[in-house]
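The following questions and answers are intended for a reader meeting this structure for the first time. Please consult the sequence and the structure shown here while reading.

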Amino acid sequence: MRYISCLPDEGWQSACPRSLAILGSTGSIGRYALDVIRRQGERFRVAALAGARNIPLLAQQAAEFRPDAIGLLDASQAPQLRKLLPSGYSPDIMAGQQGYEAIASLAGISTVLSAQVGAAGLRATVAAAMAGKVIALANKESLVLAGGLIRACCAASGASILPVDSEHNAIFQCLAPGMIKNAPTQSRRQENAAEGTQGTGFCLPPDAGISRLILTASGGPFYGWSRAELAKVTASQALRHPNWSMGAKISIDSATLMNKGLELIEAHHFYGLPMACLDVVVHRESIIHSLVAFTDGSYLAQLSLPDMRIPIAYCLGWPERINSGASTLDLAALSSLSFTCPDEASFPCLALARQAQERGSGSPVVLNAANEEAVVAFLDKRIGFPAIAELVGRALADYASGIYSDYDSSREPESVEEILSLDAEARIRMKEVIRGT
Ligand code: MG
C-alpha cells in the first residue's frame, strides 16, 4: 500500500503562522476554510486568495485577510477588483490559469488549499506539487485526471497532499494515530533521495493489516427512486442535497453518484489500494464519513456531523486538531445509523467510474470531461437527468473504440498538456453529441 506522498515535515508542522494560499476562495470550500481560519488568530496567515467569478466576494475576503497576492481567472476583471479594495492596499493581482499556477508556487507560501471546481484545478495543483508545497486537496478531479503524474511530482519535490474530501479525510483520520506517525516526512524522504532510495510514494508497514477502504455515500436526493421517476428529475431538485451544503457541480455529481465514483478513483490514488479493495456503502445519515477494514476483522470509522469545516480544519491544522466551528455530535439524538448497498442499476455512474479507472489509460480523463459537460447541459435544461450517465457511458465507449483523433486509447497520458488536450477533445465530442440529442 502506498500513499500518494510523504507527510509534511517538522519545519512545516512547527511554523507559525502557517502561510496559506486558497485557490477557489469564493466557492463553498474556500468560504468554509476562511471561516475556520477566522477562528484561529495568529496560527495562519492568508498570503494569497484566488477566486474565479465572484469579484465582490473576492474583494471582501481580500479586504478582511489582506493577502499579498490575489488571483482571478479573467484579467479584464482586475480593474473592477482593484476598485473594490480598500485604499492604501495594493496586492499583486495575478490573472488567468498562469496566475493561479504562479500563486500555487509562490515562495512565501507553505500550504495551498486546492479548491477549484473540476478539471480547471489540475494545472495549479500540479504547480503546487512541483513547487514542493503541502497541498490540502479538495479538487478531487486533479487526482482523477493525473494521479500518477501528481504522485511523481510529489516524489520529486517532496510535496505532501492532505485529503480535504470528507471520505478520504475520514480514512486519513482513521490511519493517522497508528501508522502515519511512523511514516516518512519530507525531510526524511529527502535524506532517502540523497541516498538514492526514494520511491514514488511511501509504503506503510507491511503489517498495517488494512484489507478494505469503505467510502460512505449519502445516496443523494434521489435515493430509492425508480428509473421512471429519475427521468422526470429537475435541476432544482437535484441541487437540493439532503445533508451537505455544496456547490452546484458537486451537488449534481452527488445526485448521480458520479461524485462517489470520482472518489473511488481519488481513494485509489491517495491510498494505493486496487479498485477491487475499495467499496461504497450508502449511509443516509452522513454521520460516518468512511471506514477502514482491517485483516483481523476490526473496522475504524470517523464520525461527525456533515460539516466540511471539520476535514478542512484537520488538514490546515495537522497534526494538531483545531477548532473548526462545527457543532458537536449528539449521539443520543441519533435514532439509528443505516447502511445499504448502492443501487447501481438506477445510478450507473458509480460503475462507469470504476470501469474507467480499471480500464486505465485516458479513460478517467474522458469520464470526467464527459461528466462535466453533461452536468452543465443538465443544469441548462438541455438534457434530462438519466442522460448524464448515458452520455458518459457513450463517451467512454467511443474512447475505447479508438475514434479519438490523436490518442492511442491503450496508452497512459504522460503530461499535463496531453491530459488537458484529451480533456478538450472529450468535451468537444460531448458537446456535439449533446447538440444532436
Ligand atoms: Mg466527498
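A disulfide is a pair of cysteine sulfur atoms within 2.5 Å. The model discussed here is predicted.

Q: How many disulfides does the structure hold?
A: A disulfide needs two cysteine sulfur atoms within 2.5 Å. The cysteine sulfur closest to that of Cys153 belongs to Cys154 and lies 6.9 Å away, which is too far for a bond. Cys315 is in no disulfide either, and the nearest cysteine sulfur to it, in Cys154, is 14 Å away. The number of disulfides in the structure is zero.

Q: Is Cys315 buried or exposed?
A: A residue is counted as buried when its relative accessible area is under 20%. The relative accessibility of Cys315 is 2%. Cys315 therefore counts as buried.

Q: Which domains does the domain assignment give, and what distance separates their centres?
A: The assignment for the protein chain gives domain 1, covering 10-164, and domain 2, covering 360-437. Their contact takes 10 residues from domain 1 and 12 residues from domain 2. Taken over C-alpha atoms, the centres of domain 1 and domain 2 are separated by 28 Å.

Q: What share of the area buried between domain 1 and domain 2 do carbon and sulfur atoms give?
A: The area buried between domain 1 and domain 2 is about 840 Å². Of this area, the share given by carbon and sulfur atoms is 69%.

Q: Which residue forms a salt bridge with Glu417?
A: Between domain 1 and domain 2 the count is one salt bridge. A salt bridge requires the nitrogen and oxygen atoms to be within 4 Å. For Glu417, the closest N and O atoms of the pair are 3.1 Å apart, and the partner is Arg123.

Q: Which element gives the most to the side of domain 1 that touches domain 2?
A: Two or more residues on this side of domain 1 come from each of helix H6 (122-130) and helix H7 (140-157). The element that gives the most, with five residues, is H7.

Q: Where is Ser298 found, and is it buried, exposed or partly exposed?
A: Ser298 is in the loop between strand E10 (288-294) and strand E11 (299-303). Leaving aside neighbours within four places in sequence, Ser298 is in contact with Val292 and Ala293. With a relative accessible area of 34%, Ser298 is partly exposed.

Q: How many Å apart in space are Ser298 and Glu417?
A: In sequence, Ser298 and Glu417 are 119 residues apart. In space, C-alpha to C-alpha, the distance between Ser298 and Glu417 is 44 Å.

How values were computed: Residues are numbered from 1 along each chain as its sequence is written. This is a predicted model: local features need pLDDT of at least 70, side-chain atom pairs count only at pLDDT 80 or more; totals for chains, interfaces and linings use all residues. Side-chain values use heavy atoms; hydrogens and water are left out. Buried means under 20% relative accessible area, exposed over 50%, partly exposed in between (1.4 Å probe, protein chains only). Domain bounds come from an automatic or database domain assignment. Contact means heavy atoms within 4.5 Å. Buried area is the accessible area (1.4 Å probe) that two parts lose on being put together, summed over both. A salt bridge is a side-chain nitrogen of Lys or Arg within 4 Å of a carboxyl oxygen of Asp or Glu. Helices (H or I, at least four residues) and strands (E, at least two) are DSSP runs, numbered from the N terminus.
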